[in-house]
Each structure stands twice: as C-alpha cells, then as structure tokens.
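Please consider the following model, beginning with a metal site and ending with a pair of helices.

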Amino acid sequence: MPSSQDPDYALLFRNNQRWVDRTNSNKPGFFQSLAQQQAPKYFWVGCSDSRVPANEVIDLAPGEVFVHRNVANVVPHSDLNALSTLQFAVDVLRVEHILVVGHYGCGGIKAVLDNARVGLADNWLGHVGDVMERHLTLLDSLPDAQTRHDRLCELNALEQAHNICRSTVLQDAWARNQRLTVHACVYGLKDGLLHDLGFNVREPHTVIAHYAHALDGLRQAG
Ligand code: CO
C-alpha cells in the first residue's frame, strides 16, 4: 500500500490491483507476454484532454497503440518532444498508421478563438493561432461561433498531420519505402465517435493533393 493516507491517491492503487486481478483472470499470461516487447501498429497524437483517452476511444488493449498527447494535439516542426516520440514510433516500433486526433470541445482551440489568456500555455497555443490565421477567410465565412470552433478543431488536426508528413522522420521513412500512412481525425465528445477528415497519406508526392482535398471537404462542410 502507498504510504500516503490521501484517499484520492490510495484509490488509484486499489483500482490498479483490481485491474491486474481482472486482466490476469480474463487473459492469463497477459503481463508476462507484454513485458517481452511492444509491437503497436498505431501511433496516436492527441490532446491531453482527460475525456479523450486513446486506448479506450479506439478500443485497443495495452501494447496496441503508441501515444503522444499534448495541449491541443500540436506537432510543431521544432518540438523535440513530439518529434522524438514520432521518430521512435516510426524507426524503432515501425508503426504503420499515424493518427492526429483533434477533438470538438477542445479548451485549447477555444482559448485561441476567444483570444483568452491562460498563461504559459498561450505560447504553445500560438501554433493553433497560426492555423487560425492561415484559415481566417474560411473561418470568417462561417455563420456562428460553434461552427468556427468545430472547424478550427478539424483544421488544426489537418495542419498537424500535414506537419508530420513534412517532418524528416516521415520523409526518410517514405524514401526507404517503409509502409506508413498519416491520417487526420477528429473526435466528438458528445457522441464518442471518431471522424476521418479525408487526409490519408501514404506517399510523399501525394501530400499536397491530400491536403487540398481535405481542405476542400472542410470548406464545403459549411
Ligand atoms: Co483539447
């Protein structure tokens, strides 16, 4: 048992023991075999939001999805954290699918649209501000704040997936013919559903066409 008497903390250890017991009885040998190696087929880049847990959303067990999460699922060209995780996923684990998953109701996106100050995170969210500025004409053409919010969630996922495609990690992997597809998706907090944004890139020379196609889809969504 943990030394702390804090009930909120102690709860985690009871939950953990119950989960271990349940997993051992449902899948004998599960932990022993998983400890040998991980071979996930998927790399999930998502928001840190507690309501968007990667494994649960796509109903995959431990060992099946490699995960990177940060505020507003951003993958800047120079972020060592995101790029290192991406590089490990691609070069070492050899995942086959990379998903950037935005979500509706994202607090980071909302802060940018409202021009609200949160603190240090405002600097990080500047990357979402860049996405907003790039698509200001599209966003300004929308009828209301809710639609603008939803659209910026989608545009941000698309732009971050596009950034991943342009990274040296993906460019090098594709150059050596590694099978690897980059997808952009958005998750609905209200219905639990994952939506594909029409950006599914498996070859470097199709990045621009896929980006234009996905953007067209978002323009027509109204
Ligand atoms: Co979020």
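Is His 103 buried or exposed? His 103 counts as buried, at 1% relative accessibility (buried means under 20% relative accessible area, exposed over 50%, partly exposed in between, with a 1.4 Å probe and protein chains only). The model is predicted, so local features need pLDDT of at least 70 and side-chain atom pairs count only at pLDDT 80 or more, while totals for chains, interfaces and linings use all residues. Residues are numbered from 1 along each chain as its sequence is written, and side-chain values use heavy atoms, with hydrogens and water left out.

The cobalt ion has as protein donors Cys 47 (SG), His 103 (NE2) and Cys 106 (SG), at 2.0 to 2.3 Å. Donors are N, O and S atoms within 2.8 Å of the metal (3.2 Å for Na, K and Ca); water is not among the atoms, so sites may look incomplete. Along the chain, the donors follow the spacing C-x55-H-x2-C. Helices (H or I, at least four residues) and strands (E, at least two) are DSSP runs, numbered from the N terminus. Cys 47 is also buried, at a relative accessible area of 5%.

Asn 73 belongs to the loop between β2 (65-70) and α4 (80-92) and is buried, with 2% relative accessibility. Beyond its neighbours within four places in sequence, its contacts (heavy atoms within 4.5 Å) include Cys 47, His 103 and Asn 156.

Turning to the helices, the axes of α8 (residues 145-166) and α10 (residues 207-220) come within 11 Å and cross at roughly 180 degrees.

Definitions and conventions: Axes are lines fitted to C-alpha atoms, for helices over the stretch in contact, and angles run from 0 to 180 degrees between N-to-C directions.
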